[in-house]
Amino acid sequence: MGVDIDAELLGLALTHRSYAYEHGGIPHNERLEFLGDSILGQAVTVQLFTTLPDIDEGGLAKRRAAVVSTVALAEVARGLGLGAYLKLGRGEENTGGRDKDSLLADATEAIIGAAYLSAGADAATAFVLRLVEPLLADPDRYGAAMDPKTSLQELAARMGAEPPAYEVSSSGPDHNRRFTATVTVAEHSQQGEGTSKKNAEMAAALTLWHALSEREGTGSAPRAGAK
């Protein structure tokens, strides 16, 4: 991850309360998460303030909220592969906890807190900015990351297309069910997967939003009824 983190603190950052409870009430990552949340917010706030001098307070607040949102941080965690390293209790393990946005986002914040304690404020700030750089570099993605279904619906309206249509299927045993959603706009479709119907629909919506936005950005956005 490009930062030296004490091994014990890293292990703590990856320990969910469900695991701690099942192992005699050992420490878990929520205190580190609290610390990391503050460091994350400050680093992102300063970066936005200094690099976007023409954006007003409301615009800065919107961008900050998107970058530090659960959806955005979970995406960062998946990019790092954190899910495979989480220490989870049996209940969370059996219900797909390794891919839950909330658990992944919390672990990301906890690791930021661990980086601060291990390497200091400057290294932790640099670490945060590396993690969120893709989100900072793509302003149009902010709203989509936080609410992809609404963003896709708005894009469909701009295209003159019907609202997005979703189809969802599921597979696997009840304790480890996986959902697959297919979303269609103007004959363009994408799929997404998740541990719940909602997460699968959001994943599909975000993927299709990206695909259609790229077409729109090149001047070749598909229009409803286009041949």
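Colleague: Where in the chain is confidence lowest, and where is it highest?

Modeller: Confidence is lowest in helix α9 (residues 141-146), with a mean of 64, and highest in helix α1 (residues 7-13), at 97. The score is pLDDT, the predictor's confidence in each residue, from 0 to 100. Over residues 218-227 the pLDDT is below 50, and beyond near neighbours in sequence this stretch has 12 contacts in the model; a contact means heavy atoms within 4.5 Å. For the chain, the mean pLDDT is 88, and 92% of the residues reach 70 or more.

Colleague: What should I keep in mind about the model and its numbering?

Modeller: This is a predicted model, in which local features need pLDDT of at least 70 and side-chain atom pairs count only at pLDDT 80 or more, while totals for chains, interfaces and linings use all residues. Residues are numbered from 1 along each chain as its sequence is written, and side-chain values use heavy atoms, with hydrogens and water left out.

Colleague: What makes something a helix or a strand here?

Modeller: Both are DSSP runs numbered from the N terminus: helices are H or I with at least four residues, and strands are E with at least two.

Colleague: Why are α3 and α7 called roughly perpendicular?

Modeller: Their axes, those of α3 and helix α7 (residues 101-119), come within 6 Å and cross at roughly 80°. Axes are lines fitted to C-alpha atoms, for helices over the stretch in contact, and angles run from 0 to 180 degrees between N-to-C directions. Angles under 35 degrees count as roughly parallel, over 145 as roughly antiparallel, 65 to 115 as roughly perpendicular and the rest as oblique. So α3 and α7 are roughly perpendicular to each other. Among the residues making this contact are L32, L35 and I39 of α3, and I112, Y116 and L117 of α7.

Colleague: How do the residues of the contact of α3 with α7 divide by class?

Modeller: They divide into 9 nonpolar, 2 polar and 4 charged. Ala, Val, Leu, Ile, Met, Phe, Trp, Tyr, Cys and Pro count as nonpolar, Asp, Glu, Lys and Arg as charged, and the others, Gly among them, as polar.

Colleague: What makes β1 and β3 edge strands?

Modeller: Each of them, β1 (165-171) and β3 (188-194), pairs on one side only. They belong to an open sheet of 3 strands in the order β1-β2-β3, with antiparallel pairing.

Colleague: Which residue in the turn between β2 and β3 has a positive phi?

Modeller: A186 does, at about 50°, in a hairpin with 2 residues between the strands. In the hairpin of β1 and β2, with 6 residues between the strands, G172 takes a positive phi near 95°.

Conventions:
Pairing = 2+ DSSP bridges.
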